[in-house]
Amino acid sequence: MTSAPAGTAPVVTSGLTKQFRRQIAVDRIDLEVPGGAVYGFLGPNGSGKTTTIRMLLGLISPTAGAISLLGTPMPAAARSVLRRVGSLVEGPAFHPYLSGRANLARLDAADRFSDPRTSRVRIDTALDRVGLLAAAEKRYRAYSLGMRQRLAIANSLLMPRDLLVLDEPTNGLDPQGTREVRHLIEELARDGATVLVSTHLLAEVEQICSHVGVMYEGKLVAQGPLSELRAGSAQTVRVDTDRTDDAARVLNELGLRDIAISAGYVTAALGEVAVEKIVPNLVNACVPVLGFAVLQPSLEDVFVSLTGEGFDVNG
Amino acid sequence: MSTAELAVVASRPRARLSTRFLRSELKIIFGRRRNIAGLAVLAAVPVILAIAVRVSSPGQGDGPDFITAIAGNGLFVAFAALALELPLFLPLAVSAISGDSVAGEANLGTLRYLLAIPAGRTRILVIKYAAIVIFAVVATMVVATVGTIMGLALFGGGEMTLLSGTQTSLADGVWRLALTTLYLAAQFSALGAIGLFISTLTEQPIGATIAVVLVNVMMFILNSISQLDWLHPWLLTHWWTAFGDLLRDPIATESIQRGLITALIYAGTFWLAAWARLATKDISS
């Protein structure tokens with residue numbers, strides 16, 4: 001992968017590295033989040049996603065490498081650029097004895113650029129957007145995990161943002177809450193914001209993301225539009241037949257690999273073989289073809305092919 | 001509401017000079033039940049003191065000068081209460097607030113959200129320290145004010161006999177009490193800078209508070225070891241009792257001045273240390 005020149009995409013890193021004592025948490029990653037994308041930042045827990053996000057937001061300083069956020073270098077331009085970035089980092093964190101609304105007012109008060117006259121309207125709009133307006137006066141400590149997560153998302157919406165960096169936004173949400181957050185992200189992207197959403201849930205990425213970056217053990221092992229990433233991975237063909245052994249022999253002669261015989265069907269990795277040649281060859285060999293399909297790899301297959309391991313390696 | 005609509009409601013991108021952040025900080029400090037309870041304890045001392053002296057028969061105490069002087073003039077309740085709370089209660093209150101200042105936010109995780117706004121690391125330290133100073137002034141004033149009210153109510157005012165033996169008016173006495181309050185608040189603010197610095201070292205607010213109290217007590221201990229008298233002028237707490245000089249006629253300014261300069265040096269040094277620490281710290285809480 002090659003990194004674009006700084007300033008073109010909302011998020012660009014080159015050779016970004018973070019070392020904690022002896023452990024390299026993030027290893028020379030070249031992230032590129034194109035404008036308007038919903039970029040799924042994917043990887044198991046402990047793969048370096050959150051460390052990367054903390055570096056993007058200037059919370060921790062990189063050991064090596066460079067970051068450009070909305071076309072300006074970080075952390076040098078933190079003051080001017082971060083106010084255009086809404087963020088949720090490693091779960092919600094608020095003052096427990098303040099209400100949801102008071103917590104947002106506190107954060108809004110700490111913002112040099114926010115207008116006190118519109119504070120109330122902006123806070124209530126943000127609370128309404130995440131469905132928390134009814135619970136606005138409740139103390140944060142009385143909030144459920146899902147409500148806390150929503151409040152953190154509301155915080156990222158207090159100001160108009162060009163970029164949203166959301167670390168595990170659906171953590172702790174029930175299926176209904178997860179759907180709502182997905183819709184919210186889609187809505188934000190429609191309004192023109194670029195969204196970087198980190199997650200360890202593959203299903204989430206498949207549903208909302210246009211682009212994907214896959215982290216594994218501190219390295220960015222793949223990155224690109226979701227469709228390209230899928231296409232780059234091995235496609236599988238499946239032949240339904242009652243003469244599985246003959247079908248397997250024909251597929252082998254054609255050059256397909258990883259042939260697996262099951263009851264009633266045969267699967268094989270397509271490789272470089274032209275799809276349209278398969279069925280005529282089977283028919284010529286008198287193999288009855290009862291069904292034929294080219295299977296798109298699931299994101300999980302893509303992940304396994306990239307890392308050689310199952311997805312939930314570290315839980 | 002779309003982002004475009006929200007943009008109309010939201011401010012133009014221009015930094016504002018505003019006290020909102022400081023007011024929000026003060027709201028958090030004074031809105032916390034724990035802190036209000038702490039102030040109530042500080043206020044209880046002059047109340048207990050005044051009542052205890054009132055109900056005991058006058059003229060029999062051989063306590064400190066201030067306490068025997070109370071029967072003569074109620075204003076001395078305030079001075080006596082400040083003297084009694086000087087070694088532990090007032091420093092403890094300031095230690096709790098300053099130890100919590102940064103470590104408390106780190107502990108809750110709210111520090112990362114403040115930084116992501118971005119509130120600015122230096123700005124956070126300026127606001128946090130301003131709030132600590134205000135708290136120190138308020139805490140000292142609570143003791144002085146409650147002491148004055150209780151003293152004047154139970155013993156009355158009138159002419160006041162200073163430590164140097166001369167008589168002065170009640171108004172002059174109140175003026176000297178105000179100076180005393182500000183002098184001590186300045187001393188506690190310097191302790192608060194130590195607290196602010198320690199608070200940037202840890203994510204455990206209680207640990208930070210205990211450390212500040214230890215530093216405070218250690219300075220008192222060192223100050224009591226006469227073999228270390230070369231060190232004494234450098235200790236912050238060495239100058240705290242100098243507030244008695246404000247009750248002489250004329251006011252002896254030498255120790256007061258040294259005390260204020262010492263406090264200023266402590267405050268500046270430790271604020272800068274806090275800044276050096278937080279400005280480069282990785283926020284991983």
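Modeller: The model is a predicted one, and the predictor assigns the complex an ipTM of 0.86 and a pTM of 0.86. For chain B the mean pLDDT is 89, with 91% of its residues reaching 70 or more. Residues 1-12 of chain B have a pLDDT below 50, although this stretch makes 22 contacts in the model beyond near neighbours in sequence.

Within chain B, two helix pairs may be described in turn. Such a pair is characterised by the angle between the two axes and the distance between them. On the side of α3(B), the contact is formed by Leu42(B), Val45(B), Pro46(B), Leu49(B) and Ala50(B). Helix α5(B) contributes Val77(B), Ala78(B), Ala80(B), Ala81(B), Leu84(B) and Glu85(B). By class, the residues of this contact between α3(B) and α5(B) comprise 10 nonpolar, no polar and one charged.

The second pair consists of helix α9 (residues 170-199) and helix α10 (residues 205-224) of chain B, which pack at an angle of about 140 degrees with their axes 9 Å apart. That angle is why α9(B) is described as oblique to α10(B). The crossing of α9(B) and α10(B) is right-handed. Here Leu191(B), Ile194(B), Gly195(B), Ile198(B) and Ser199(B) of α9(B) meet Ala208(B), Ala211(B), Val212(B), Val215(B) and Asn216(B) of α10(B). The contact of α9(B) with α10(B) contains seven nonpolar, three polar and no charged residues.

In the loop between α10 and α11 (254-280) of chain B lies Pro250(B). The peptide bond from Asp249(B) to Pro250(B) is cis, with omega near 0 degrees. Most peptide bonds, by contrast, are trans.

At the interface, 33 residues of chain B are in contact with 35 residues of chain A. The elements of chain B that give two or more residues to this side are α1 (3-9), α2 (20-30) and α7 (110-116). Of these, α7(B) gives the most, with six residues. The side of chain B that touches chain A has 18 nonpolar, nine polar and six charged residues.

Chain A, the partner, contains an open sheet of four strands in the order β13-β14-β12-β15, with antiparallel pairing. Strands β13 (257-262) and β15 (291-295) of chain A stand at the edges with a single partner strand each, so one side of each has no neighbour in the sheet. Neighbouring strands of this sheet are turned against each other by 15 degrees on average, direction ignored. The antiparallel pairing of β13(A) with strand β14 (residues 265-269) of chain A extends over four bridges, and Ala260(A) has Thr267(A) in β14(A) as its bridge partner. Helix α9 (residues 244-254) of chain A packs on the sheet, touching β12 (236-240), β13 and β14 of chain A.

Chain A also has a cis peptide bond, which joins Met74(A) and Pro75(A) with omega about -5 degrees. Pro75(A) is located in the loop between β6 (72-74) and α2 (78-81) of chain A.

Conventions
Residues are numbered from 1 along each chain as its sequence is written. Chains are lettered from A and ligands numbered from 1 in the order in which they are written. This is a predicted model: local features need pLDDT of at least 70, side-chain atom pairs count only at pLDDT 80 or more; totals for chains, interfaces and linings use all residues. Two residues are in contact if their C-beta atoms, placed from the backbone, lie within 7 Å. Ala, Val, Leu, Ile, Met, Phe, Trp, Tyr, Cys and Pro count as nonpolar, Asp, Glu, Lys and Arg as charged, and the others, Gly among them, as polar. pLDDT is the predictor's confidence in each residue, from 0 to 100. Two strands pair if DSSP finds at least two bridges between them. Axes are lines fitted to C-alpha atoms, for helices over the stretch in contact, and angles run from 0 to 180 degrees between N-to-C directions. Angles under 35 degrees count as roughly parallel, over 145 as roughly antiparallel, 65 to 115 as roughly perpendicular and the rest as oblique. A crossing is left-handed if the near helix is turned anticlockwise from the far one by less than a right angle, and right-handed if clockwise.
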